[in-house]
Amino acid sequence: MKSLKSKMLLLILPVITLIFSVTTSYSFFSAKNIIVEARYEDLTKFTENQKNKLNSWFDEKLHILETAKDSLENFETERDEKIKYLAKLVKNSKGSFASIYYGTEDGEMVDNDNIIYEDTYIPKNRPWYQEGI
């Protein structure tokens with residue numbers, strides 16, 4: 001015969017094991033959810049921060065180009081002065097631009113590298129010119 005102590009142990013041990021298992025499972029899934037939510041929040045903040053940095057970067061570059069456009073539209077100087085102006089913009093952009101160029105409706109094409117384009121090269125017929133209008 002089994003002793004009372006053995007019988008009690010056989011009854012209590014499965015209950016304790018079940019309680020321990022349920023408690024451990026609950027703790028695991030609660031901690032997992034907290035961690036997943038925190039990582040999702042971190043990722044959302046990181047993504048938003050990167051988006052803001054990119055928007056700021058694009059806005060800065062767009063501002064430089066708009067300033068160049070406004071200045072060049074009002075330039076009444078020779079091609080060499082325009083080239084110097086574009087070269088200065090590229091230099092001051094600290095690597096943001098490798099080259100800046102523009103074309104006019106009159107067919108003039110100017111870039112900071114002083115490339116001479118063929119007479120058949122008509123800027124206003126180019127996709128980049130059409131999209132910029």
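pLDDT is the predictor's confidence in each residue, from 0 to 100. The structure is a predicted model, in which local features need pLDDT of at least 70 and side-chain atom pairs count only at pLDDT 80 or more, while totals for chains, interfaces and linings use all residues. Residues are numbered from 1 along each chain as its sequence is written, and side-chain values use heavy atoms, with hydrogens and water left out.

For the protein chain, the mean pLDDT is 84, with 98% of the residues at 70 or more. Helices (H or I, at least four residues) and strands (E, at least two) are DSSP runs, numbered from the N terminus. The chain has 3 helices and 2 strands, in the sequence order α-α-β-β-α.

The overall dimensions come next. Along its principal axes, the C-alpha trace of the protein chain spans about 115 × 30 × 20 Å. Its radius of gyration is 35 Å, whereas a compact globule of 133 residues would have one near 14 Å. This radius is taken over C-alpha atoms, and the globule rule is 2.2 Å times the number of residues to the power 0.38.

As for burial, 17% of the 133 residues count as buried, that is, under 20% relative accessible area with a 1.4 Å probe, protein chains only. In the protein chain, 39% of the contacts with a separation of 6 or more involve residues 24 or more positions apart; contact means heavy atoms within 4.5 Å.

Terms used
Buried means under 20% relative accessible area, exposed over 50%, partly exposed in between (1.4 Å probe, protein chains only).
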